[in-house]
Amino acid sequence: MTAHDTPTPDAGGDGVGERAVGRYDLVIVGAGPAGLAAAGVAARAGLRVAVLDAGARIGGQYFRQLPEGFRAARPGALHHGFSRFVRLRDALGDADILLGHRVWAVERGPGGGFAVHCLEGREERARTVAAARLLIATGAHDRVLPFPGWDLPGVMTAGAAQALLKGNLVMAGRRVVVAGTGPFLLPVATSLAAAGATVAGVFEAGGRFALAPQALARPGKAAEALAYGYRLARHRVPYKGGRAVVAAHGDGELTHVTVAKVDADWRPYRGGQETIECDTLAVGYGFVPQLDLPAQLGCETSRDAAGGPVARVDRHMRTSVAGVYAAGETTGVGGADLAELEGVIAGRAVVADALGTPVAGDPADPRTEARRRRLAGFARALLRAYPVGDGWTSWLHDDTLICRCEEVPYGRVKEARDLGAADARSIKLLARPGMGWCQGRICGEAVARLAGEDPAPPRRPIAQPVSLGDLAAMDGRDEWKET
Amino acid sequence: MSGVGGSGPDGRVSGASTVRNGDEGGGMSGASPYRLVGARPEPGFEVRVDGRPVPVVPGQTVGAALHAAGIRTWRTTRFGDRRRGLFCGIGVCFDCLVTVNGVENLRACLTEARPGDEVTTS
Ligand SMILES: Cc1cc2nc3c(=O)[nH]c(=O)nc-3n(C[C@H](O)[C@H](O)[C@H](O)COP(=O)(O)OP(=O)(O)OC[C@H]3O[C@@H](n4cnc5c(N)ncnc54)[C@H](O)[C@@H]3O)c2cc1C
Ligand code: FES
């Protein structure tokens, strides 16, 4: 792999006419398991590959790396399967790794290629990278649901707690409650406990053993679940199903949460509530794929098993737009193993398409397709085993914020509905949830569900905030405009 | 800005208590994130947050350094005066905005701290 500060082919922020000169065969957005796996495959086949990532280190969410400044003797201690990361990293070949590059827009160029617009570093230097083919491996972010007190300092996503620990060696808190739904709660709780936090409890809103039938069909997963269970027990962490954090409390900062016993739809039972002291709540209800870039390019989406939008791909990870591929969580949340495998498949498809040959499986690894089908099937089963129950809306009070950015309370959303706003779009226009800084990434799903809809794919013209100057500069560059 | 470690009634940080960065044990077990990974961090540096020194291990984000120092909120919302800090941790929610060296609206969770940074909160 090449350090990110080496000179690389670049269409240049102002590089009129340079485009054709320095074009990559493949530009990959996202250096997580999916992007890294694809980069290795394509680079080893001789393609000129660039991997762009907003982060300071490769690895993505699952393999988030510590800064070297920590001089960690056992960097793998915070990871499950660290050797896989080492293999991915060492297989990157000649791929250029462009870190600190935030991609805010992608466009089709006139010649069939793509312009990838980035902001580089803290100085936000505008830079455009040209690509013949594009792989979108931007991963996902935590799904969160509003509840009273969810915007108190001390409440954060489960992924944020992981990111603090894995990427900064900072514990989210000293006394932490982990809550939400899905198997991700377990690694979050066990790593916090191993790092010395007191985990006051793990509260799974769904069934604690919802996963069991699927896990039993996959011995590896059953063993993993048992291992987490064992570690929780060793740290004396209670793990309870059918329990949800329905309110967070504190005067300015979190001091305790209310945990309620909930039915299968997540409606609290009368009287089944307990109060738990904590300085931190790590909460997550699964993940939402980051689809801004495929949406900008007009890639078609489909629905996952829970009704959420995902990038639609064929068997070779090609999207509906020629030359654009997607892999990892963008095609459906399925975890790091599936992301890596999809990256391999995408890399092979890009190589075949670039050379104009049919996509052939690697003869040394004929089981890829079967393995993918198995992992994807398991991912679907997980989504079905841990659905978001409709009853979360019964946790809301009129003054509970739905949109954190524009500070829109539930009462205003209800008013908009009473005024006749029948869908998420009309609610948004009337009450303005999702119109702030995050562009509805955090509240979009909740607003859609409150409108009785499945969440729609994003329609954001830009994927990252950008200065008006950069926008104007891009507008003035006719050579990138679609023909 | 406020934190477990001493904030004034105006919401700004008061006092200049020495804060450590991350390597605090979890009580009786003696476990710590540093011990877990066998970290022996290279010499760190300080940034100033509303004038108060906050230690940083090279490579940490501004948000992580603040959080480790017990400073868990550093922004107040426009309408409801609600206090905010880290929420999504990966640049999605924009709760964690800070001003660094006069540059406004940087996401603290993404912005790597550099020696001499002057962080101001609102
Ligand atoms: C905060 C968080 C923490 C997680 N932690 C774990 C964990 O500890 N264990 C676990 O099993 N699963 C975890 N997950 C689930 C995770 O989604 C998968 O495990 C796995 O990392 C998915 O791989 P991926 O390659 O699809 O995407 P990711 O690993 O998410 O990689 C995507 C990469 O794309 C980059 N990116 C996204 N948008 C842009 C853009 N516009 N410009 C430039 N770069 C961009 C991101 O910086 C990121 O590095 C976590 C998810 C989140 C959101
Ligand atoms: S914590 Fe969400 S953007 Fe920084």
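Predicted model: local features only at pLDDT ≥ 70, side-chain atom pairs only at ≥ 80, totals over all residues.
How are helices α8(A) and α9(A) oriented to each other?

## Helices α8 and α9 of chain A

Helix α8 of chain A covers residues 335-355, and helix α9 of chain A covers residues 368-385. Their axes come within 10 Å and cross at roughly 140 degrees. The two helices are therefore oblique to each other, and their crossing is left-handed.

On the side of α8(A), the residues in contact are A:D337, A:L338, A:L341, A:E342, A:I345 and A:R348. They meet A:T368, A:R371, A:R372, A:L375, A:A376 and A:A379 in α9(A). Sorted by class, this contact of α8(A) with α9(A) consists of six nonpolar, one polar and five charged residues.

## Helices α3 and α4 of chain A

A second pair is formed by helix α3 (residues 158-168) and helix α4 (residues 185-194) of chain A, whose axes come within 10 Å and cross at roughly 40 degrees. That angle makes α3(A) oblique to α4(A). The crossing of this pair is left-handed.

From α3(A), the residues A:A158, A:A161, A:Q162 and A:L165 meet A:P187, A:V188, A:S191 and A:L192 of α4(A). The contact of α3(A) with α4(A) has six nonpolar and two polar residues, with no charged residues.

## Helices α10 and α11 of chain A

Helix α10 (residues 410-418) and helix α11 (residues 424-431) of chain A have axes that come within 9 Å and cross at roughly 115 degrees. Here α10(A) passes α11(A) in a right-handed crossing.

The contact joins A:R412, A:V413, A:A416 and A:R417 of α10(A) to A:I427, A:L430 and A:A431 of α11(A). By class, the contact of α10(A) with α11(A) holds five nonpolar and two charged residues, and no polar ones.

## The surroundings of ligand 1

Ligand 1 lies between chains A and B. It is surrounded by 31 residues, of which the closest are A:D53, A:Q61, A:Q162, A:K166 and A:E329. One of these, A:Q162, is also among the residues of α3(A) that meet α4(A).

Several distances describe how chain A approaches oxygen atoms of ligand 1. An N or O atom in the side chain of A:K166 is 2.7 Å from an oxygen atom of the ligand. A polar side-chain atom of A:E329 likewise lies 2.7 Å from a ligand oxygen atom. For A:A34, a backbone N or O atom lies 3.0 Å from an oxygen atom of ligand 1.

Definitions and conventions. Residues numbered from 1 in each chain as written. Chains lettered and ligands numbered in written order. Heavy atoms only, no water. Axes fitted to C-alpha atoms, helices over the stretch in contact; angles between N-to-C directions. Helix = DSSP H or I, 4+ residues; strand = E, 2+ residues; numbered from the N terminus. Parallel < 35°, antiparallel > 145°, perpendicular 65-115°, else oblique. Left-handed = near helix turned anticlockwise from the far one by under 90°. Contact = heavy atoms within 4.5 Å. Nonpolar A, V, L, I, M, F, W, Y, C, P; charged D, E, K, R; others polar. Near = heavy atom within 4 Å. Polar contact = N/O pair within 3.5 Å; in protein donor to acceptor, adjacent residues only side chain to side chain.
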